[in-house]
Amino acid sequence: MEFVNPEGLRLDGRRPMEMRQLRAEIGAVARADGSAVFEMGNTKVIAAVYGPREVQNKSQQSNDQALVRCEYTMANFSTGDRKRKPKGDRRSTEISLVIRQTMEACILTHLMPRSQIDIYVQVLQADGGTRSACINAATLALADAGIPMRDLVTSCSSGYLNSTPLLDLNYLEDSAGGPDVTVGFLPKLDRVTLLQMDAKLPVDIVENVMQLAIEGCKAIATYIREVLLENTKQLEYRRGL
Amino acid sequence: MRLQNYGFRNFVGCGFGILLPMSGPVKMVGLSLGEKHFIKGGIDQNIRSDGRKRDYYRPIFVETGVIPQANGSARVRMGATEVIASVKAELGKPSALHPDKGKVVIFVDCSAVAEPTFEGRGGEELSAELSVALERCLLGGTSGAGAGIDLTSLIVAEGKICWDLYIDSLVISSDGNLLDALGASIKAALANTAIPKVNISAAASADEQPEVDISDEEFLQFDTSAVPVIITLTQVGRHYIVDATSEEESHMSSAVSISVNRKGHVCGLTKRGGEGLDPSVVSDMISVAQHLSELLMSRLDSEISAAEAEIGDDEES
């Protein structure tokens, strides 16, 4: 199957190095401490942060840092075929763990000892790149909740089909059997915090594909920063400043 | 302030012989006595904490077509309570008991995004309660009699092929009155549902499965004129209120959810809560619900048609 046609266009009309359209909204869930909706093309994800609050399970309490917990769930209607079991399956557990580790690395947990921060991510529409969309949404929600972080964590995926590195794979390209590289990146500190890849990739191409994903992460970071600035301006305006 | 519903209260005796209330789900700070008196007193005087009267609904926003890959979908917001409903239609076989009826399954999922207590399996109990209450209100009895959704319209080939509707709801934000919001979202999602036309190849014998050709072009809009709305009346103190916030729900004595259709007929009734109700109070509640259902129905209808018209505009432009 042809994923990049001779003119250089992908299945959805994008260029190989073009990302899908991004859209973010802060404060979607009124009762949460921080929340955000993040869309990457047709993938739509909502994240809510509750915390820092008292630890529910005292045995897990830590005296020198905050406990970060995360749950990833997909809605029944998020995929093309109706999913029977929204939570608890192995893929959801793995992605919950991945998001938790990524966010824990950048939250300044030592500032909030004996407390708990809960990050809940719900996938409303899945079209490839849900992991990345969840991390981006979680970053926005944490910023909305005012939780101190080292840097914004952004994430993007890239792949390699028809001998072309492709940025931001959608579901069709993801399930094509080619490699899928997901990168989590701290833009200001210039550090890679998450790196996952499946399927095979020639060693000399790995660097290229990873670098492409990092460029995608930087672009998302610029967008997230804009959204947060806009939100802060709105808050200032409402306060009458 | 953050408040939760008390599912049921356990009392645990401690060493001093004092009874300490132990709540079901773990929650954050509750209401103080002064706050409780404030809310109860306000309701007695027909002024609630957000300024509403006892029989006023919060502002309702409806958006349809939010899930493109579903046959129909809607997102409804009542105050801070927000739910998304999606309808998916799949071909299936009708049950042997009712060969002329299609099947509808309603499933509610309480997302952890709405409440931290819904994490893992915490929301399962509430989800099951809401799913059953919705099925009771919308689908009628086990024989299918008196259903708000006309199941005979879902049949394709009698006894062989029917449409199975899977209605999935997701609670994104919970601030009380979930059942009403879910009922409204399902009504809106059904109004948005387009079931593809099916052409059956003729002359199939009685035992064989006929061949079906599902059209990509032609769709039938689902008829929602008979779908009822659900009105929940919550009793706090001596009066009952409609559209309670979670603050008001946290010390209700009982709640009655009544589903009423366009003709003013009662389609289903569910009572929740520990305290008993005088039968005259229940019949009074039913008449109040019938009166309020007209207002809610017309409001929902106008919101749904406005939302559908918006989609029409988007498609044309």
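As the model is a prediction, local features need pLDDT of at least 70 and side-chain atom pairs count only at pLDDT 80 or more, while totals for chains, interfaces and linings use all residues. Residues are numbered from 1 along each chain as its sequence is written, chains are lettered from A in the order in which they are written, and side-chain values use heavy atoms, leaving out hydrogens and water.

Turning to the fold, chain A holds four helices and nine strands, which are DSSP runs (H or I, at least four residues, for helices; E, at least two, for strands), and along the sequence they follow the pattern β-β-β-β-α-β-α-β-β-α-β-β-α. Of the 241 residues in chain A, 56% are buried, meaning under 20% relative accessible area with a 1.4 Å probe, protein chains only.

How many residues does each chain bring to the contact? Chain A gives 27 residues and chain B gives 35, where contact means heavy atoms within 4.5 Å. On the chain A side, A:Arg31, A:Phe77 and A:Arg82 lose the most area to chain B, together 31% of what that side buries. Between them, the two chains bury about 2,700 Å², which is the accessible area (1.4 Å probe) lost on being put together, summed over both, and carbon and sulfur atoms hold 50% of it.

How values were computed:
Buried < 20%, exposed > 50% of the residue type's maximum accessible area, 1.4 Å probe, protein only.
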